[in-house]
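Hi everyone, thanks for making the time. I'd like to walk you through a structure, so please have a look at the screen.

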Amino acid sequence: MENTDWDFVLQFVSEPWEMDCFHVPERPVAERTSAVPALTVQVPTPPDSFTNSPIDPPAEEDTLVSVSTTFFPGAHIYSYPPDLVLLSSDSIFFYVHARALLGVSENNFGGLLPLSPKTTVSQLGPVLMVSESSTILNIVLHAVYDMTCSHYSPSFESLAIALSALTDYGVSLKRHVGPSTALHSLLLSHAPLYPLELYALAASHDLYDLAVPTSSHLLSFSLASLTDEMADRIGAVYLKRLFFLHFGRADALKRLLLPPPHPHAPTNDCDFTEQKRLTRAWALASAYLAWDARPDLSTNTIESALTPLGDQLSCELCQKTLRDRIKTLIIQWSTVKRTI
């Protein structure tokens, strides 16, 4: 279909489905389009369900179809037109290419392809009904076509369901949710709000490249609050990695805190005996930090706990060695691994 023809059809599109006045996180993935009699050859309507029925069909001018705003007949995603129509569980039509689905699927797209001879055929190809809603199917197809769906603002729950659907359709998650993919970036954008859920999702599908950056958002998570159900979802391997991350950082902090500031050469005003005051003060302050060593301990907390030690020192050389020791400690703590 020419772009001008499709633009003419879209002038009959009504407003999107009415929505509550409250904020809805996900944007609609379809628009209702009038089926105009003069253009029915170019814009197919759903299969005629009134054939051989004693009930008269409604007037054709009243027929509305809901079509995907991305996967519609004139979308020109490929150089050739779509040859397959997927109908979601909430009756949204997605016009796609069978070759694209088969190219990424290891199980003939969940056994739906090749088509059965009894499959209903529209003017742009066969119509296949799928069990997913339009929101989930929209995410699945964007992943198949390697396109971003971030402008639809899908919720985290929808993305999690879509990953399971991709697995059911035989689509490799390691390939289509890899670090360079749009879906990987979209999932990672939910890490600040859903760190544990995203980590569990990545672990359940063995998506290591997604679990690694997500784990940095779990440094403040209390391992004692982990439920049995969540531990089951995460699995033994990724649960061990998360525990080792927490314990490893806590141990590293204790090791870094242990050495006191290096003593300077004795002077008339500050000999080795006088410098032991700084060593004792450092030991007390570092013990306080080490007692509650948390993997998410910030450098600001460390600095605010140790810097006041200098207020009790009259020797400028001792103050300098203290500042240098704190600076070194902060640099060392900043380089400790923050991910699994």
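Predicted model: local features only at pLDDT ≥ 70, side-chain atom pairs only at ≥ 80, totals over all residues.

Let's begin with helix α4, which covers residues 134-144. How many of its 11 residues are buried? The count is 10, so this helix is largely enclosed by the rest of the structure. If you want to find the buried positions on your own screen, they are S134, I136, L137, N138, I139, V140, L141, H142, A143 and V144. Now step just past the end of α4 and you reach D146, where the backbone takes a positive phi of about 55°.

On to the charged residues. As a reminder, side chains of opposite charge can pair when their charged atoms come close. This structure holds five salt bridges, and I'd like to show you some of them.

Take D206 and K174 to start with: they form a salt bridge whose closest N and O atoms are 3.5 Å apart. Where do the two partners sit in the chain? D206 lies in the loop between α8 (195-204) and α9 (208-215), while K174 belongs to helix α6 (residues 173-176). That is a separation of 32 residues, so this pair links distant parts of the chain. As for the surface, K174 has 54% relative accessibility and therefore counts as exposed. D206 comes in at 39%, so we call it partly exposed.

Next, look at K320 and D324, which also form a salt bridge, here with the closest N and O atoms 3.0 Å apart. Both residues are in helix α14 (residues 316-335), and because they are four residues apart, about one helical turn separates them. Why does that spacing matter? An α-helix has 3.6 residues a turn, so residues three or four places apart point the same way. K320 is partly exposed, with a relative accessibility of 43%, and D324 is partly exposed too, at 36%.

D292 has a relative accessible area of 44%, which makes it partly exposed. R294 is partly exposed as well, with a value of 34%.

So, to recap: a helix α4 that is largely enclosed by the rest of the structure, and five salt bridges in the structure.

Technical notes:
Residues numbered from 1 in each chain as written. Heavy atoms only, no water. Buried < 20%, exposed > 50% of the residue type's maximum accessible area, 1.4 Å probe, protein only. Helix = DSSP H or I, 4+ residues; strand = E, 2+ residues; numbered from the N terminus. Salt bridge = Lys/Arg side-chain N within 4 Å of Asp/Glu carboxyl O.
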